[in-house]
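Please open the model in your viewer and keep the selection panel at hand. The stops below go from the whole chain to single contacts.

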Amino acid sequence: MNKLNIAVIPGDGTGPEVTAEAVKVMQAAAAKHNIEIKTTEFDLGGQRYLRTGETLSDETLTELKGYDSILLGAIGRPDIAPGILEKGVLLKARFGLDQYINLRPVKLYPGVESPIKGKGPDEIDYVVVRENTGGVYTGTGGNTLTGTANEVAVQSNVYSRFQVERCLRFAFEYARKNGKKSRGKGEHNTLALVGKTNVLTYVYGLWDRAFNEIGEAEYPDVKREYYHVDAACIYMVQCPEIFDVVVTGNMFGDIITDLGAATQGGLGIAAGGNINPEGVSMFEPIGGTAPAFTGLGQINPLAAICSGAMMLETLGESSAGEDIENAVKWATAEKFESMAAGKMGCSTSEAGDMIAEKITSG
Ligand code: IPM
Ligand code: MN
């Protein structure tokens, strides 16, 4: 029996509701595949901060390094100034655990209606590899003459060759193993770099050079494409089928994956993983805390459930992960009325129950 020690950070807003369903479903898959999952909850986020003034301490960060993986719900609260919890908990975990990849599939599940007319699961099926520990998220900056008419603000976009290379190598490897050709869906495995080489000439110039050098020398079998980020946004809507694996910097990755999520039916179904290929990874729905739905039992847990599937796959438990994926596909095709909170046609816990039962009985 394989034993997995999972840290769970339910967090704020609807985070606890969705992580509870993800754990329920993961336990169902674990039971079927002879895996023992032990979960340990970490009280991090807004309530803890309001109570104690603490965000994520270095001690807790060290403790998290002792787990096989982390499942996170959502972090942030409307009554706490923006940035405190996001930087203090979520980003501190990503940076502190060196989770330099944020893997975000953009995938339309069967039965889910995309807002893009005429595009189905065959067309909306790609993965964004977002660099997760650099760029404007970690560049230095500050404000001077704050609050005056002469105020100046700087927030620099910094990338080292090392950061760019390790992200690109991950993306090339991912494209080689999981690209459309490898999945029997196309003639090539393709990696597209999304950047802004016509304006951010220094930073995306570096990305572009490294992309072509590494691609040519080490991944000649992976087809390379390049799109400016603004054009990529048009194509993600007009012709999403052109994308296979996409790689980009932190900020652009943040933005285009929300657009991608909208095309796949919304944040309720958009899963993600913050990955440290050599260390501890953290899986989380890419959406936020949904304050308007907190505590109502109406939030869609599928993004968290799919994040749990990604976790199991990353931990080498592919059959358990696939079982979850297949049960989710069954639920989106047969059971859900919509991906939107409050309109699913079932409650949050009923959604988790039906998927867990499908796994157990399937
Ligand atoms: C995300 C979120 C975070 C980010 C915020 C909450 C800091 O938008 O995971 O995409 O910008 O990375
Ligand atoms: Mn985001």
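Predicted model: local features only at pLDDT ≥ 70, side-chain atom pairs only at ≥ 80, totals over all residues.

Residues are numbered from 1 along each chain as its sequence is written, and chains are lettered from A and ligands numbered from 1 in the order in which they are written.

**Domains**

Colour residues 1-101 + 272-362 as domain 1 and residues 113-263 as domain 2; these bounds come from an automatic or database domain assignment. The centres of the two domains, taken over C-alpha atoms, are 24 Å apart. Their contact takes ten residues from domain 1 and eleven residues from domain 2, where two residues are in contact if their C-beta atoms, placed from the backbone, lie within 7 Å. On the domain 1 side, the largest share, three residues, comes from helix 4. Helices here are DSSP runs (H or I, at least four residues), numbered from the N terminus.

**Ligand 1**

Next select ligand 1, together with Gly76, Glu86, Leu90, Leu91, Asp254 and Ile286, which surround it; a residue counts as near if its C-beta atom, placed from the backbone, lies within 6 Å of the molecule. Helix 4 (residues 84-96) supplies the largest share of this shell, three residues.

**Helix 1 and helix 11**

Now show residues 15-32, helix 1, which packs with helix 11 at an angle of about 10°, their axes 9 Å apart. That makes helix 1 roughly parallel to helix 11, a label for angles under 35 degrees. Axes are lines fitted to C-alpha atoms, for helices over the stretch in contact, and angles run from 0 to 180 degrees between N-to-C directions. From helix 1, the residues that meet helix 11 include Glu17, Glu21, Lys24 and Val25, and their partners in helix 11 include Thr348, Ser349, Ala351 and Gly352.

**Helix 10 and helix 11**

To see the contact, select Asp323, Ile324, Ala327, Val328, Trp330 and Ala331 in helix 10, which meet Met354, Ile355, Lys358 and Ile359 in helix 11.

Methods: Helix = DSSP H or I, 4+ residues; strand = E, 2+ residues; numbered from the N terminus. Parallel < 35°, antiparallel > 145°, perpendicular 65-115°, else oblique.
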